[in-house]
Number of protein chains: 2
Amino acid sequence: MMQSGQGAPTLEMVAARAGVSRATVSRVVNGSPKVTAEVVAAVQDAIAALDYVPNRAARSLASRRTQVIALVVPESTARVFSDPFFASVVQGVALELAQTDYTLNLLIASETNPEKTRRYLLGGNVDGALVVSHHSGDHSYTQLGQELPIVFGGRPMGADVVDSTYVDVDNVAGARTATRCLVDAGRTHIATIAGRQDMPGGVDRLVGWRAELAAAGLRDDLVEVGDFSPGDGAEAMRRLLARGVPIDGLFAANDQMAAGAYTAIRDAGLTIPGDIAVVGYDDDLYGETAAPPLTTIAQSPVELGAEMARILVRRLSDDPFDRVTIMPTRLVSRSSV
Amino acid sequence: MMQSGQGAPTLEMVAARAGVSRATVSRVVNGSPKVTAEVVAAVQDAIAALDYVPNRAARSLASRRTQVIALVVPESTARVFSDPFFASVVQGVALELAQTDYTLNLLIASETNPEKTRRYLLGGNVDGALVVSHHSGDHSYTQLGQELPIVFGGRPMGADVVDSTYVDVDNVAGARTATRCLVDAGRTHIATIAGRQDMPGGVDRLVGWRAELAAAGLRDDLVEVGDFSPGDGAEAMRRLLARGVPIDGLFAANDQMAAGAYTAIRDAGLTIPGDIAVVGYDDDLYGETAAPPLTTIAQSPVELGAEMARILVRRLSDDPFDRVTIMPTRLVSRSSV
DNA sequence: TTGAAAGCGCTAACAT
DNA sequence: ATGTTAGCGCTTTCAA
């Protein structure tokens, strides 16, 4: 219920009601250890009675901390926002931050004007930032890491990046698992629809595919690249099929492209998994009801987002944190292999 | 480049350098009309030279405006975050707000503790809020509209809601169009997989389907309800098929459920559109590469989000704005009909 | 352990 | 058109 006196109740009002000074109320609010239990109780009663909520601006102005964490999504990634992977990362971040005192500032960074974002981040508007998916070109952000606490989602690309803090999924291992699944099924002509090679995920999944084929002594030249969308997946599959080389297995760098590949395979009069066994990556909602249900690699993007947030918060509190965190993946076996 | 003097440059430093008072600098920064052109120029030079960025907290504390807009996503909706529709709305909001001076505060509202969100919103932390998808139970938010400028995405449910400002898509018209498409194709036993009836979109799409069938003089009892996920769509379709009633047309309340229905239809040994013609809703990425490509209703969720943001900004500026905005839909004809 | 007092950087009357 | 003067609500030395 809103207080009768117009405007929100202030710390001063709480102090008056509890019969203590403003400084003491501030201490209680901020969980200072050196306050008597009785005083704490009295202040908390007053806070509850008045329905007091600290004013963020005032607190921030005085403490020189904002309690705001920016989640930066480069614009080109945002187009891919309909990619459940990114949406889930955002969700994970939001859920985790909701448990803390930090506020989430979602920022779509214009790539035509990176300077604007840079200034904003450095302008004292946020205490730290979370950056998801950045191409190799995004040096502006990787560099920013020296001046502002940043946690990246996915391994930052670029040789100059040394001390970045990031959380990544084990894309190489995931891709190897996916490919091994195909090899174990007896497939010998295994193609891949790789993701964009300017993204770490795109690169690593291709590396994993190659590594596993090498281990199995199979050819690794059946590669086409797509932009992670179903449409591009279909295109890539058509090109693969058009090569005239026999193909009996396919690893798609994400489920959306696998869905596109399904179409192209079927259009070519081939069956799944009869003629071509398929493994995707991401375990999005559609794979389960695809025909046939898609075998895929699951990683938990929600957890990834949450972990990024946790690490940044820890870092901002000067608690120990890991510079590099690798999240595991697991194979979800369905019937496309 | 960061200034040499530690900490960010302040308005006072700008004032000193430009040889004017702080008030004047403030006026220039805020675009007040009553400042001489020369003074404006001098101040802007100083600002540029110092690379000055106003301190948000100080500004907010003094002006009693936060320049923050909250985007509230109820938690149950967030689970559905992988639904491209919501993700796109968020994207639209973020993109639009990036063009303004407002900052986006993404809030996942815990439904087990709505009071927390309520307090936050009313605690003077934001200037206004955007609320997407709220069930009929979310009275906490619809009520909030009296105390804080709010723009809803989707029509708020509940009879007590009178003066809410909202942006909605014309779900009824969209559903009628979808259904008419089936009728025009000569289908006479048209079923629907409706969405959850505690969401406006779920209700309205069912209403549109009914209306169009009534207009065509066809039966309207072939209804099953799903939760908008592919899995539930498949379940619902199975139940429909199990009724033993002939069905030759299907309108699914979203593409995800249509995808599920595809599976169930195929599993039953039936063909699309031969035996059953299907129309979905949302035009998400998957429909295009489905087999057969899905005929669906497109609305632009990105535009919806952008429009919500625009309206709220206008309202916060005391510019005229529409309480009710209905976004159009359009039929995307592919080959599932 | 608690209180007093001095700002944090900015805006907004009010004066001039 | 510009300057002066108070704060906005909180944190944080410094004393007590």
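Here are a few exercises on this predicted model, each with a worked solution.

Before you start, note that residues are numbered from 1 along each chain as its sequence is written, while chains are lettered from A and ligands numbered from 1 in the order in which they are written. Since the model is predicted, local features need pLDDT of at least 70 and side-chain atom pairs count only at pLDDT 80 or more, but totals for chains, interfaces and linings use all residues.

**Exercise 1. Describe the build of chain A.**

Step one: take the secondary structure, where helices (H or I, at least four residues) and strands (E, at least two) are DSSP runs, numbered from the N terminus. Chain A has 13 helices and twelve strands.

Step two: look at its extent. The C-alpha trace of chain A spans about 85 × 40 × 35 Å along its principal axes.

Step three: check burial. A residue is buried if 20 or more other C-beta atoms lie within 10 Å of its own, with C-beta atoms placed from the backbone. In chain A, 53% of the 337 residues are buried.

**Exercise 2. Find what lies around DNA strand C.**

Step one: use the cut-off. A residue is near a strand if its C-beta atom, placed from the backbone, lies within 6 Å of it. DNA strand C has 27 residues around it, and the closest are A23(A), L11(B), S26(B), A58(B) and A62(B).

Step two: see which element gives the most. That's α4(B), with five residues.

Step three: sort by class. You get 13 nonpolar (Ala, Val, Leu, Ile, Met, Phe, Trp, Tyr, Cys and Pro), nine polar and five charged (Asp, Glu, Lys and Arg). The others, Gly among them, count as polar.

**Exercise 3. Work out how chain B meets chain A.**

Step one: count contacts, meaning C-beta atoms, placed from the backbone, within 7 Å. Here 44 residues of chain B are in contact with 44 residues of chain A.

Step two: pick out the main contributor. On the side of chain B that touches chain A, α6(B) gives the most, with seven residues.

Step three: zoom in on that helix. Of its 15 residues, 14 are buried.

How values were computed
A residue is buried if 20 or more other C-beta atoms lie within 10 Å of its own, exposed if 12 or fewer, and partly exposed in between; C-beta atoms are placed from the backbone. Two residues are in contact if their C-beta atoms, placed from the backbone, lie within 7 Å.
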